[in-house]
Amino acid sequence: MRSFNYHKPDTVDGVVSLLAGNENASVIAGGMTLLPTMKQRLAAPDDLVDISGVAGLAGVSMDGDMLVIGAMTRHADVAESEIVREKLPALAKLASRIGDQQVRHRGTIGGSISNNDPAADYPAAVLGLNAEIVTDKRTIPADEFFVAMFETALEPGEIVTAIRFPLPELAAYAKFPNPASRYAMAGVFVAKTGDGVRVAVTGAGPGVFRASDIEAALAESFDAGALDRISIDASELMSDIHADNEYRAHLVMVMARRAVGMALDAG
Amino acid sequence: MEISFVLNDEPVTVNVDPSTLLSDLVREQLSLTGTHVGCDTSQCGACVVHLNGDSVKSCTLLAVSVDGGDVRTVEGLSTNDKDLHPMQQAFRDNHGLQCGFCTPGMLMSAIDLVKHNPDPSEAEIREWLEGNICRCTGYQNIVKSIIAGAAAMRAAS
Ligand SMILES: Cc1cc2nc3c(=O)[nH]c(=O)nc-3n(C[C@H](O)[C@H](O)[C@H](O)COP(=O)(O)OP(=O)(O)OC[C@H]3O[C@@H](n4cnc5c(N)ncnc54)[C@H](O)[C@@H]3O)c2cc1C
Ligand code: FES
Ligand code: FES
């Protein structure tokens, strides 16, 4: 790992001013993605701004009807939070299956969505639940946040401070984990609300996406059987050593049916 | 940078470069070589230590980020040279290791599991060990050891 200057400000303003105008500065949250990247020298920031000392960035609360999770909240804390387990159990369950316990003790929700790994779990929940991403300067709807592989709507120097989740009537997440890394080879988040059904797919394509055919079929009838005649176009999905695109397309439908079944069982 | 933290119940103050990993600090600078580095890529769990009571991978943790914290390595499990921690004793009694390379990480992970779940089932133990890889034992005796170690920890508390 190349050497760098380490900063640990205690306010959001302090973070923002350290990042401002400094292209070679990087935020570090749990470091579970950034440190391995730096070890491989795929990233070599001159300045590392540790946001773990900023008060108020970690924690779970309700704000009216919205579940608010601070950016620095660790996966393990989301999984074990009484509030999340009661209000949005699908999210607690998703968090409990990210990587392994040691990853969950360091990795954060803000880091996961800012990184936007195409096989990460949280982006599926954020997009499927139509959450809002709160940054130091604005609020970004989930539909605009995930731009492309490892790319988000965040501007240089902008940081995520919290994610606000509206509560669905029914929701569940089913993933087929890569047996080695636990990242999703296909993960499907389904959510039914008063406004309709949203379905977000991770792990299968070059980035998280909404599956409109599945959404339409489930809006018609929210049960796994409604998906019997639906398939997903494999041509835009990923192929790699773990699975080709045809296999991933098949997995997506299997996970979608499973998620609908789980949502109905839980609801 | 100067950092201070509690290591195995003793306060320490050391000077580190910000890019130093906790695994390197304890092994190279503090000569506690019980923490092993197997993969150095956050996969194998040989380097697991406790930070403020939580099991974490010390190869993927900057030493500077434990400033002010409480770290325990495998050397800090037993308070004297004679008695092993009940989990260590259980690994010994149940043949829970062969080459021993993964063992420090297995112990630190297992003790954290018992803290969360004092009476884990075999399935829960296997799930929890997701982040710990062993190339020798086939896990069977590790699981057996953890069941025995958990029982001993319950009896001791
Ligand atoms: C062995 C292993 C297995 C894993 N398995 C899974 C898995 O199954 N599913 C899964 O989803 N993930 C998995 N991960 C990834 C893990 O969840 C990471 O913790 C997460 O992706 C990044 O979170 P972090 O807090 O560690 O972020 P960091 O590594 O600290 O940061 C990641 C990136 O996000 C930026 N960043 C961090 N926080 C913010 C913020 N608040 N605002 C703006 N930018 C920010 C950083 O600058 C950096 O570019 C795994 C990781 C490992 C090492
Ligand atoms: S050496 Fe840290 S996980 Fe392998
Ligand atoms: S005992 Fe050899 S790696 Fe586990």
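## Ground rules

In this predicted model, local features need pLDDT of at least 70 and side-chain atom pairs count only at pLDDT 80 or more, while totals for chains, interfaces and linings use all residues. Residues are numbered from 1 along each chain as its sequence is written, chains are lettered from A and ligands numbered from 1 in the order in which they are written, and side-chain values use heavy atoms, with hydrogens and water left out.

## Two domains in chain A

Chain A is assigned domain 1 (1–50) and domain 2 (170–266), with bounds that come from an automatic or database domain assignment. Taken over C-alpha atoms, the centres of domain 1 of chain A and domain 2 of chain A sit 34 Å apart.

## Around ligand 1

Ligand 1 lies between chains A and B. It also lies between domain 1 (1–50) and domain 2 (170–266) of chain A, because both give residues to the shell around ligand 1. That shell holds 33 residues, and A:Val27, A:Gly31, A:Leu34, A:Thr108 and A:Arg182 are the closest; a residue is near a molecule if one of its heavy atoms lies within 4 Å of it. By class there are 14 nonpolar, 15 polar and four charged residues in the shell around ligand 1 (Ala, Val, Leu, Ile, Met, Phe, Trp, Tyr, Cys and Pro count as nonpolar, Asp, Glu, Lys and Arg as charged, and the others, Gly among them, as polar).

Now for the polar contacts, meaning pairs of N or O atoms within 3.5 Å. An oxygen atom of ligand 1 is 2.7 Å from a polar backbone atom of A:Arg182, and a backbone N or O atom of A:Thr33 lies 2.9 Å from a ligand 1 oxygen. On its own ligand 1 has 960 Å² of accessible area, and the protein covers 93% of that (Shrake-Rupley method, 1.4 Å probe). Strand S2 (25–28) and helix H7 (109–115) of chain A are the elements giving two or more residues to the shell around ligand 1, and H7(A) gives the most, with five. Helices (H or I, at least four residues) and strands (E, at least two) are DSSP runs, numbered from the N terminus.

## Pocket and cavities

The second largest pocket has about 580 Å³ of space and a lining of 24 residues, with A:Ala79, A:Arg85, A:Ala92, A:Ser96 and A:Arg97 nearest its centre. On a 1 Å grid over the protein atoms alone, a pocket is an open set of points with protein on both sides within 12 Å along at least five of seven lines, a cavity is a set where a 1.4 Å probe fits but cannot get out, and lining residues have an atom within 4 Å of a point. H5(A) gives the most to this pocket's lining, with six residues, and the lining has 13 nonpolar, four polar and seven charged residues.

There are three cavities of 30 Å³ or more. The largest cavity holds about 70 Å³, and its lining includes A:Lys175, A:Arg182, B:Glu127 and B:Glu130. By class, that lining has one nonpolar, two polar and seven charged residues.

Methods
Points joined across faces, edges and corners; volume = space filled by probe spheres on them. Polar contact = N/O pair within 3.5 Å; in protein donor to acceptor, adjacent residues only side chain to side chain.
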